[in-house]
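Here is a briefing on one protein chain. It takes up salt bridges, then a helix, then domains.

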Amino acid sequence: MLTPALPDTCLKHLECSQTAKPADADTLQNLSPAGAPLLARYYEQQAAKTLRRSDRAGRPHSLWRYAEMLPPPGDAGPVTLDEGMTPLLAAPRLGARLGVPGLLVKDEGRNPLGSFKDRGMSVAVSMARALGARALAIPTAGNAGGSAAAYAARAGLEAHVFMPADAEAANIAECRRAGATLTLVDGYLNDCARLVAERAPEAGWFELSTFKEPYRVEGKKTLAYEIVEQLDGGIPDVILYPTGGGTGLVGMWKAFDELERLGWIAEARPRMICVQAEGCAPLVRAFEAHAATAETWENPTTKVHGLRAPRVLADRLCLSAIRESGGTAIAVADSEMRAMQDFAGATEGLSICPEGAACFAAIPELLARGDLDADERVAVFNTATALKYLT
Ligand SMILES: *Cc1c(COP(=O)(O)O)cnc(C)c1O
């Protein structure tokens, strides 16, 4: 179905996540003057008049169905490949084997490029184009680069992607096929980020780096809008989220506040559980140390690229979402993730990426620790399809 005309945005302004100082939303922006991520704020009372949970008729079957609570895509309309509105599947067989029969899986592998990075890129590239960007640049562990390349092509913009040289073959192929300029870097995601930051000003690129760009998190927050819509106004008791840069964690936590103000949910919140790889767990380490910020993880050893984010720019926001929600943080070994991909496939027929598998693999330990109860409704985010990881 072609995207129907969208309702107007109720975007008010951007706001520094540290100082709460407002910033203009009508120019291309990266971090705030204080060096912190900018977050979008909306006129929610106005949005609530048309964005009603019980009345979704005439809305596109994509995340743009929440247009009032997304930034304005510009006169040309959103840059969309119909991302979002992925299924929320009950997984009773896998749930029973793991000890939580009420297990739900939000299957983000069904997005256009096969990962939930598409959500952020649709919104960020729409806004970048609307504000006059010509060329986009992104440091990425893999999936964000493939998405950025595709959405840039869809928008008619240039894309410059910087990816570790050992990235998944599927991600390298996606970038090349979408006509992006791909630079393979002998290093990690933070090394790629440094190169982009050095080159972008002179080259005239607009940076789409995680949390340096204010609207990818807006795309990711629609995960929570969809779950609430799919549960008819209910919420899961617990969310298990495979965390790298933390856009989904922060985005959903922001979304639950918005949804309460929109009248879609009451004050109860899910507990947000951050799952990382043992070989790169800066947020788990900071959570356990009761720290407000996370140190860069030196020499990450995980081979699971989506979880190999040594430096977490939005560390404060991630840690406060985990703590305020009453959640926790836990690390899983790569070998457990690989084994769980096969177990979830054989038990339930699911196509699970290693990052999503990390969340399933964490469940027995969370039960043993008392961080999870067997009768709770647990939502796991399978952030990509297994087809992106064939090597
Ligand atoms: C990027 C990515 C993650 C981590 O997402 P963040 O929002 O950066 O925390 C998890 N899984 C997959 C498959 C990814 O591509």
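Lysine 221 and glutamate 218 sit 3 residues apart in helix α7 (residues 216-230), so about one helical turn separates them. They form a salt bridge, with the closest N and O atoms 2.7 Å apart. A salt bridge here is a side-chain nitrogen of Lys or Arg within 4 Å of a carboxyl oxygen of Asp or Glu. This is a predicted model: local features need pLDDT of at least 70, side-chain atom pairs count only at pLDDT 80 or more, and totals for chains, interfaces and linings use all residues. Residues are numbered from 1 along each chain as its sequence is written, and side-chain values use heavy atoms, with hydrogens and water left out.

**Salt bridges within helices**
- An α-helix has 3.6 residues a turn, so residues three or four places apart point the same way.
- Lysine 221 and glutamate 218 are both buried; buried means under 20% relative accessible area, exposed over 50%, partly exposed in between (1.4 Å probe, protein chains only).
- Helices are DSSP runs of H or I with at least four residues, strands are runs of E with at least two, and numbering starts from the N terminus.
- In helix α8, glutamate 258 and lysine 254 lie 4 residues apart, about one turn.
- Their side chains meet in a salt bridge at 2.6 Å, N to O.
- Glutamate 258 has a relative accessible area of 1%, and lysine 254 has 8%.
- Arginine 194 and aspartate 191 are 3 residues apart in helix α6 (residues 189-203).
- Their salt bridge spans 3.0 Å, N to O, and aspartate 191 is buried at 18%.

**Salt bridges in total**
- The rule counts 23 salt bridges.
- Lys106, Glu108, Arg119 and Glu226 are linked in a salt-bridge network.

**Helix α10**
- The buried residues of α10 (residues 315-324) are Asp315, Leu317, Cys318, Leu319, Ala321 and Ile322.
- Their cover includes β3 (38-42), α8 (247-261), β11 (271-277), α9 (282-288) and β12 (328-332).

**Domains**
- The chain is assigned domain 1 (11-69), domain 2 (88-115 + 215-388) and domain 3 (117-207), with bounds from an automatic or database domain assignment.
- The centres of domain 1 and domain 3, taken over C-alpha atoms, are 23 Å apart.
- 9 residues of domain 1 are in contact with 10 residues of domain 3, contact meaning heavy atoms within 4.5 Å.
- Across the interface of domain 1 and domain 3, the rule finds 0 salt bridges.
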